[in-house]
2 protein chains.
Amino acid sequence: MPRLTAVYRIRGEAASIEARAQALAVEQSVEMPVAAIADAGVLRDIVGRVETIAELVPGQFEVRIGLAVATTGPEPGQLLNMLFGNSSIHDDITLHDAELPDAVVQGFGGPRRGLEGLRARCGAVGRAMSCSALKPQGLAPDALGAIAARLGDGGIDFVKDDHGLADQAYSPFARRVAAVAAALRRSGARTCYVPSLSGNLDDMRRQVRLARDEGIDAVLVAPMIAGLANFHALVREFPGVGFMTHPAMAGAARIAPALLLGKLLRMLGADATVFPNHGGRFGYTPETCRAIADAARGPLAGLKPCVPVPAGGMTPERVPEMLDFYGRDTMLLIGGGLLQARERLAEAAAAFTRQVKAGQVKAGPAQAGQIAG
Amino acid sequence: MPRLTAVYRIRGEAASIEARAQALAVEQSVEMPVAAIADAGVLRDIVGRVETIAELVPGQFEVRIGLAVATTGPEPGQLLNMLFGNSSIHDDITLHDAELPDAVVQGFGGPRRGLEGLRARCGAVGRAMSCSALKPQGLAPDALGAIAARLGDGGIDFVKDDHGLADQAYSPFARRVAAVAAALRRSGARTCYVPSLSGNLDDMRRQVRLARDEGIDAVLVAPMIAGLANFHALVREFPGVGFMTHPAMAGAARIAPALLLGKLLRMLGADATVFPNHGGRFGYTPETCRAIADAARGPLAGLKPCVPVPAGGMTPERVPEMLDFYGRDTMLLIGGGLLQARERLAEAAAAFTRQVKAGQVKAGPAQAGQIAG
């Protein structure tokens, strides 16, 4: 029976860590005293198994536990449940990683469009992509449309909703997408608008269709608010749509960001994953950010790469450093950092665009029609 | 414009807490530099406002922030997003409470059946209710049915699925509910089976209907896995069904348990809320447990009370103490603690039932036909 390996980090003591690890293996599988289980098949195939325990630094242990793939469905919410559902309640345990069989990963399918799909969509050849945001919430749809048009004038590749924009009275989803799409059409910008989905699964389906009717083919979702299964359902149901994910409510999950925002969301279909860059409003370290980007883009059972979208208080001055850190296979997101230019928003956006293009690399010999150089 | 008050607890320093609180108010509202906002309406009505800052103990502050109700939808996922979406990423902040206008709370509606509905369903007059669980996952439906029948023979009021039971190959939902319902019918027990829902919203709707076809009218959901909006959609769509909630993935949320497992889940429709009791497998304190029970049962904008279900490693020996702590308006959940009786499960269940009934109070003078006494 196939197993996956869940990797936990536990704050503990050498004298008790084996018992703790064993308790964790039971909690994330049969969740009852093993001595009370009579069924040989369950004992052999279902009960979690401690594989290794290693002390990383004094008092911090890495515990690898084999869990039965069969317990996970495989279904996204159930996978999360079996990896960490109950043990999320213990504040001395973090879910650090999950090593899943390739068949499971491929079964979920990963990004449908991925890095290359998003590049093709916005026409960004050999350079990073740029993204900004429509803020603040509370503005009426036409005002948000005007902001989008100015960002478009400045050449921004993607403009997403502030993740707080949902379906509120001051900017109902349907009116907002119509207004923003119209404003971008009038401006002639190539900019792709990425509206934010909210509500239950049916609400989100309706919103995707409304967006599609306006020629919009990428949407923003916060999977830890929507429920992973519902996020994945949308990905499967709308294969022509790009999915950008937002980390709202993901940060508190005590799941390593690289696993949650990188590997798992990519596996379930995120084409781009937004996360807070180091040195901004949030406290992720450079190491954490690099790990997220590696999980999003690196080899993973043949899945398409997911675009890392470092964000969270970034400013145009940081663009060269961010391009240096993340390379070109990224989307840089600057929201408030551009909007603080106020009436000079289009100029600020144009400056951001120039900096992103300054990192552009000429096409190599493989590109038809170009002189190698 | 109506406001709600979000109450956060922040680990910080006196010298910087005001700036921190102001940043939090901005993060959970407009999420951009306030100086860049030109719209007077947004500045007046939408930007979060720090109401008070109090130092609870040195280095731990309680910050009360007024957020615009309009930003929350009101929709369950968006409410969570605006209360804590981004700030969940800061590991020094906890969302401690949310004081919502009565109209918002009543709009969500609360438990449809509540404490009295569940009492009426299982016939528990003047006493606490009892609950056990079908474990371990991995057993075939008929084996789970046999366990249910023995628990029923022992007089258990409610038997829920282990929350790890979903729709896996060894016990597909449809076959499991049919097998367990049949086993309980054959045994003649009054026991109510509470199967566990999993998957996306459509999966869960299908499962509720399958359960109803078998005469089952209560289900178990983990709202932090399903997504709050989807949980609430089920509550609204199936008014005759009782909803028991499970805290899987709720524990890591860095949201005070009393708020999340008590107030919010009750508001969205939990008739019963499972949580880990103090002194069991998890680390909640007695104070936290009491706060959960108070939030579930106490006055809340006229909503029906939600039944607290203390669980997580409880044993029959603890029943008198738990009845003393929680009183009669509770449902005691003992899973593995009964199952470890193995072939003597029915006797162990009967002993649990006797202890719960020992806490029973005679009906008072108001009950027709009874002699007051």
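Tutor: What follows covers the ring pairs, the charges over rings and then one histidine. The model is a predicted one.

Over all chains, the count of aromatic pairs comes to 8. One pair is made by Phe231(A) and Phe243(A), with 6.0 Å from centre to centre and 85 degrees between the planes. That angle makes the pair edge-to-face, because planes over 60 degrees apart are classed that way. Phe231(A) belongs to helix H10 (residues 228-237) of chain A, and Phe243(A) to strand S9 (residues 242-245) of chain A, so the pair ties together parts 12 residues apart in sequence. Phe231(A) is buried, at 0% relative accessibility. Phe243(A) is also buried, its relative accessible area being 2%.

Elsewhere, ring pairs join Phe275(A), Phe325(A) and Tyr326(A) into a cluster. Phe325(A) also has Arg290(A) over its face, at 4.1 Å from the ring centre. In chain B, Arg290(B) lies over the face of Phe325(B), at 4.2 Å from the ring centre.

The histidine is His163(B), placed in the loop between strand S6 (158-161) and helix H7 (173-187) of chain B. His163(B) has a relative accessible area of 7% and is buried. Its side chain makes a polar contact of 2.8 Å with the side chain of Glu31(A). With neighbours within four places in sequence left aside, the residues in contact with His163(B) include Gln78(A), Asn81(A) and Asn86(A) from chain A, and Ser196(B), Leu220(B), His246(B) and Ala248(B) from chain B.

Note on methods:
Residues numbered from 1 in each chain as written. Chains lettered and ligands numbered in written order. Predicted model: local features only at pLDDT ≥ 70, side-chain atom pairs only at ≥ 80, totals over all residues. Heavy atoms only, no water. Phe/Tyr/Trp six-rings, centres within 6.5 Å; stacked < 30°, edge-to-face > 60°. Helix = DSSP H or I, 4+ residues; strand = E, 2+ residues; numbered from the N terminus. Buried < 20%, exposed > 50% of the residue type's maximum accessible area, 1.4 Å probe, protein only. Lys NZ or Arg CZ within 6 Å of the ring centre and 35° of its normal. Polar contact = N/O pair within 3.5 Å; in protein donor to acceptor, adjacent residues only side chain to side chain. Contact = heavy atoms within 4.5 Å.
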